[in-house]
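Hi,

Here is the structure I promised to pass on. Have a look at it first, and then read on for my notes.

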Protein chains: 2
Amino acid sequence: MAFNKRVKIKALLAQSPIGETATLMGWVRTKRGNKNVSFIALNDGSTITNYQIVADPNLIPDDILKKCTTGSCIKVTGKVVESQGSGQSSELNAEKIEVLGEADPEKYPLQPKKHSLEFLREIAHLRMRTNTFSAVFRVRHALAFAVNKYFNDKGFFYIHTPIITASDAEGAGETFKVTTLDLQNPPKNEDGSINFNEDFFEREANLTVSGQLEGELAAMALSEIYTFGPTFRAENSNTTRHLAEFWMIEPEMAFYDAEDNADLAEDFLKYLIRYVLEHCQDDLAFLENRLLEEEKVKPADQRSEMALLEKLRFVAENEFVRITYTESIEILRNSKPNKKKKFQFLIDEWGADLQSEHERYLVEKHFNKPVILTDYPKEIKSFYMRQNEDGRTVAAMDILFPGIGEIVGGSQREERLDVLTARMDEMNIPKEEMWWFLDTRRFGSTPHAGFGLGFERMVQFVTGMGNIRDVIAFPRTPGNAEF
Amino acid sequence: MAFNKRVKIKALLAQSPIGETATLMGWVRTKRGNKNVSFIALNDGSTITNYQIVADPNLIPDDILKKCTTGSCIKVTGKVVESQGSGQSSELNAEKIEVLGEADPEKYPLQPKKHSLEFLREIAHLRMRTNTFSAVFRVRHALAFAVNKYFNDKGFFYIHTPIITASDAEGAGETFKVTTLDLQNPPKNEDGSINFNEDFFEREANLTVSGQLEGELAAMALSEIYTFGPTFRAENSNTTRHLAEFWMIEPEMAFYDAEDNADLAEDFLKYLIRYVLEHCQDDLAFLENRLLEEEKVKPADQRSEMALLEKLRFVAENEFVRITYTESIEILRNSKPNKKKKFQFLIDEWGADLQSEHERYLVEKHFNKPVILTDYPKEIKSFYMRQNEDGRTVAAMDILFPGIGEIVGGSQREERLDVLTARMDEMNIPKEEMWWFLDTRRFGSTPHAGFGLGFERMVQFVTGMGNIRDVIAFPRTPGNAEF
C-alpha cells in the first residue's frame, strides 16, 4: 500500500482548491490557540511558507493535539477552506490528524525562538528544519540546477574528473593523503621509507585540488566541457571563507581565448543570479529580511549598502568592470587608504600580490561593481597560464565580487609546447609525471581557456550568508568532520 | 580579440546554410584525396558526425595541407555547399585553413585504425577523441543532466553530502583513510598508538561509501532530496563491474514506503532511458553498431538477444517484474541450473544470499525483464532497513538489470527508534557515534525510504560498454590512479 498520498504545501498554495479534501504531511513549526480551536503551522520543506491547519477539539482528540508539538511529524486530512486570517489564501480544516513521530518539547533543540547560527552549526543534522537553512538549501539546489542547465543548453558536456589523484602538479596548496596502508605499521622499504607500492594505488595518492588538468584533456576532444565536483584543501585556515571540502565548477573550452573566457564567466554568473531571482523569490525575500535583521545590530558603516535582492539585480543587470592588473596597481597606489597608510600591505610597486583588502577596495569602494581583473604578473600565477606578448604577464583572470572577494579564477591556458615546458622548467614542475598533460600540446593543440567557480562562495553571495559553513550541509574544517 | 568565432559542427549539420560562409574548428580525423582535391573529415566533439571539408590545392597551400594529418587541430573558413557525396547534406569548400596544432603522424597514437579498448584505457587522456569514447561521454553527460532534471522537475532538492567522513557505521566495505599526518613519523600516544588528535580533523577520517545517512537528515527537513556525488570502496576487486571511485545517485524521501520507493525507482530509470533515446540518437546508433561488431566474434549464445536500442526501448516500455526474495528462492530452487547443479552456489534453503549467477538467471532467463526483488532476510541486509511484520524480513529492494545485475539498492528505512536501536545492538553498531542519525527518529520521525543508483552501471547499460572502466573518464582501480 503506497503511503505517499499527499499534496506538497508548495503545490497546495499554488492551487488553493477551496472545498476539496487534501492530505498534508509535514513537521509542526508552532501550535497556538485556545480551548475552542488550535492553529498548527505546518512545514514540509517544499517551501518557506508554513500552511495553517485549523483543529477543532470536537473533531481531533485531545491526546492527539497534545502530541502536535514543535518538531513533531504529522499527517493531516481535511477540507481546504478560504483563510480567515491574513497572509495566505487558504487553510485546512482538520478532520483527522495522525502523529507520525513525536518531538519531546523537553528535549527537542529547535524550539520556536531565535537560535544563533553558531548553535545551529553544532546541530547541523537538524538545522535544515529551520527557515533560514531550508531557504539556503533550496537556493543552493536551484543554483546547482542552474549550473547544469546553463552548460547543457550551451552544448557543454559534464565530465566527472577524478577525486583521488596521484598528481599534485598544480601545487594549489596542501593536499589530503588517501591510503589503505596500516598507519600503525606501514610497510617499509629497505631504507626505512614507506613502501607505497603496497598501497591501494601502488603509489602515493591525494584528494584532488582541482579538476582543471583533466578537464583540459576532455576539452581537447569534446570542445566545451565542465566539471562540478568536490575539491579539497588541507589548509589550516579557520575563516568564514574557507572549507577543507568544497564544490567547484570548472568549465574548460577549446577555441576560447582570454576574452571569450571572460565573456563566458560574466554571462554564466549573471545567468545563475537571474535564475534564482526567478525561481526562489520567497526564499530570497526571507533571506533578505534575515540579513536586514542581522545587520541591525551592526554599526551603520558595516551594513550592506544594498538589500539582498537589489544587490542581486544590480549584478545581474550591469556590466562587470574589466581592468588589467597593471591598471589596478595604478588605482591602488593612488588610493586614499594607500596614501594614508591604511592598508595593511601598502601597494608600492608593480608585481605585488593583491591582498583581500585591495580586492575589496577595488570592488566595494572604487568601482562598486564586480571586477574582472586580468593579466597578472606571471610570477604570482600558475605555470599553465598563457604568457602574454609583454613577457611578464599571463592571461589570467580573477573575478571579484562585493562582500565575497575572489569568486572565479581562470585563464587562457598555455597551448604552446615550447613555452609551456620552458615555464615548467623555470618553476620546477616535474615534466615526466605530466606526460599526459603535455600530450595535449603535442597532438592537436589549440588555444583554450577555462575558469573555476567556488560554488559555496556563489551560494554565500546569493543568500547573503556571512559564513561559508552555513551554505554547505555538513562543513569540513580543521577539527570538524562530524555527521 | 575574441577567438571563438566558429560554428559547432552539430549546429551546422542541423542548419546546413547553403551558400553562407562558415568557420569551423576541430580535429582532423582523416584526410584522403588526390592531387586535385583533398577531403578532410573534421570532428569538434559536438557530435559523432565528422564534417567534410573539401580543399582545393589551388586555394590551400601544400605545406598547410601536409600538416592536416590525423589528430591535428585546424581552423577552416569556407563556403557551405550541398554535399556531392552520400551521407550528410552539406560540406565546406575551404577558402582558408589554419593549422592550430600539429600531430606528428609518427608519434600520434590514435591513427585511423582499430584500437583495442585495453590499449585506449592506457591512453585515457586521448581516448575521448575516438568515436566510441566521445559517444560514451556525450551519453554520460545526457544521463547526468537527465538525473538532475528528473528530480528538479519533481521538486526534489540536490544535497551535497560530505565526501570526507568520520563515520563508517554503514559498514558497506573497506574504506580509504584520509589524513594529513606524516606517515613516516606519525605522532604517537603514550601507548604507542597513533595520535589522531593531531590529524587534520582531530580524529580518524575516511572517504564516504554512501551519502545515505546524511541524505536522511536532509529528507527529514526538506521531504524529498537526492545526492549525486562520488563514493569510494577500497576493495581489491579487479572486475568489469567495480571501481574504487564511482558516482552514486541517492534519493531519500520522507513519507515514502517501500511501494512508493519502488514506484519512484522504476519511473526514474525509465525516464533516464527515454531521455537518452530522445537526445542521443546518433551516439546510441553508433554504440549499437559498435556492440554488434564486438559481438560478432563471440559464440552465438553469448551475444545479446536484443540490439542496444531495442533493449533500451524494451526496458523503457515494459513494467518491471516485482517479486519477493521468498518467491525468488522458490523459482531458483526449482530452476534447471539448480536441479542440474549448474549453479556454483546451489540454492537450498531460505536465507541464502543471492549470487550474481542467481540474479542473472532470474533477469536474463526466467523473466527476461528488469526485476525488483523485495523483502530480503534481515540477516543479509543493513541495520537501517525497516523490519517487516513477519519478523524475519526487511523492506529492502534491489533492482536487477539484464547484463548488469544489481543497478539499484534501496529500502524503506526503520523509522521506529526502539526497533532501530534494538537492531543496532544485535549487529554491534555503535549507537553513541550515531547520535545524530538517531535524533531523526527521536524528533519528528516518519516513514521514509530511499535508494542508490550506481551511475556508471547505468551508463554501462545504456551504452552497452562491457567494462565499467570504459564509462568513466579516468577510472580508479587497484594499482591505477594515473592521469
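One term before the rest: a salt bridge here is a side-chain nitrogen of Lys or Arg within 4 Å of a carboxyl oxygen of Asp or Glu. With that in hand, take D263(B) and R322(B), whose side chains meet in a salt bridge at 2.9 Å, N to O. The two sit in distant parts of the chain, 59 residues apart, with D263(B) in helix α6 (residues 258-279) of chain B and R322(B) in strand β12 (residues 321-324) of chain B. D263(B) is partly exposed, because its relative accessibility is 33%, and R322(B) is partly exposed as well, at 38%. Do keep in mind that this is a predicted model.

Over all chains, the structure holds 56 salt bridges. In chain A, E266(A) pairs with R322(A), with the closest N and O atoms 3.1 Å apart. That pair also links distant parts of its chain: E266(A) belongs to helix α6 (residues 258-279) of chain A and R322(A) to strand β12 (residues 321-324) of chain A, 56 residues apart. E266(A) counts as buried because its relative accessible area is 8%, while R322(A), at 38%, is partly exposed.

Another one to look up is E216(B) with R441(B), a salt bridge of 2.8 Å, N to O. It spans 225 residues, from helix α5 (residues 212-222) of chain B, which holds E216(B), to helix α13 (residues 435-442) of chain B, which holds R441(B). Both E216(B) and R441(B) are buried.

Now for the interface. Which chain gives how many residues to the contact? Chain A and chain B each put in 121 residues. Between them they bury about 9900 Å², 63% of it on carbon and sulfur atoms. On the chain B side, the residues that lose the most area to chain A are H160(B), F255(B) and F443(B), together 8% of what that side buries.

The rule finds six salt bridges across this interface. R203(B) forms a salt bridge with E482(A), at 3.7 Å between the closest N and O atoms. There are also 49 residue pairs in polar contact across the interface. Helix α4 (residues 131-153) of chain B gives the most to the chain B side, with ten residues. By class, that side has 60 nonpolar, 32 polar and 29 charged residues. The chains also meet strand to strand: β8 (residues 177-179) of chain A and β8 (residues 177-179) of chain B run antiparallel, joined by three bridges. In one of these, T179(A) has K177(B) as its bridge partner. A network of salt bridges links R6(A), K8(A), D44(A) and E224(B).

A few covered spots are worth a look too. In chain A, all seven residues of strand β16 (residues 448-454) are buried. β16(A) pairs antiparallel with strand β11 (residues 245-254) of chain A over five bridges, and with strand β15 (residues 405-412) of chain A over five bridges. In chain B, helix α14 (residues 455-463) has nine of its nine residues buried, and the residue after α14(B) is G464(B), with a positive phi near 75°.

Last, find R127(B), in the loop between α3 (117-122) and α4 of chain B. Is R127(B) buried or exposed? R127(B) is buried, because its relative accessibility is 0%. A polar atom of its side chain lies 3.0 Å from the backbone oxygen of A473(B). Among the other residues R127(B) contacts are F133(B), F137(B) and D470(B).

Cheers

Notes: Residues are numbered from 1 along each chain as its sequence is written. Chains are lettered from A and ligands numbered from 1 in the order in which they are written. This is a predicted model: local features need pLDDT of at least 70, side-chain atom pairs count only at pLDDT 80 or more; totals for chains, interfaces and linings use all residues. Side-chain values use heavy atoms; hydrogens and water are left out. Contact means heavy atoms within 4.5 Å. Buried area is the accessible area (1.4 Å probe) that two parts lose on being put together, summed over both. A polar contact is a pair of N or O atoms within 3.5 Å; within protein, one must be able to donate a hydrogen and the other to accept it, and residues adjacent in sequence count only if both atoms are side-chain atoms. Helices (H or I, at least four residues) and strands (E, at least two) are DSSP runs, numbered from the N terminus. Ala, Val, Leu, Ile, Met, Phe, Trp, Tyr, Cys and Pro count as nonpolar, Asp, Glu, Lys and Arg as charged, and the others, Gly among them, as polar. Two strands pair if DSSP finds at least two bridges between them. Buried means under 20% relative accessible area, exposed over 50%, partly exposed in between (1.4 Å probe, protein chains only). Lists of a residue's contacts leave out its neighbours within four places in sequence.
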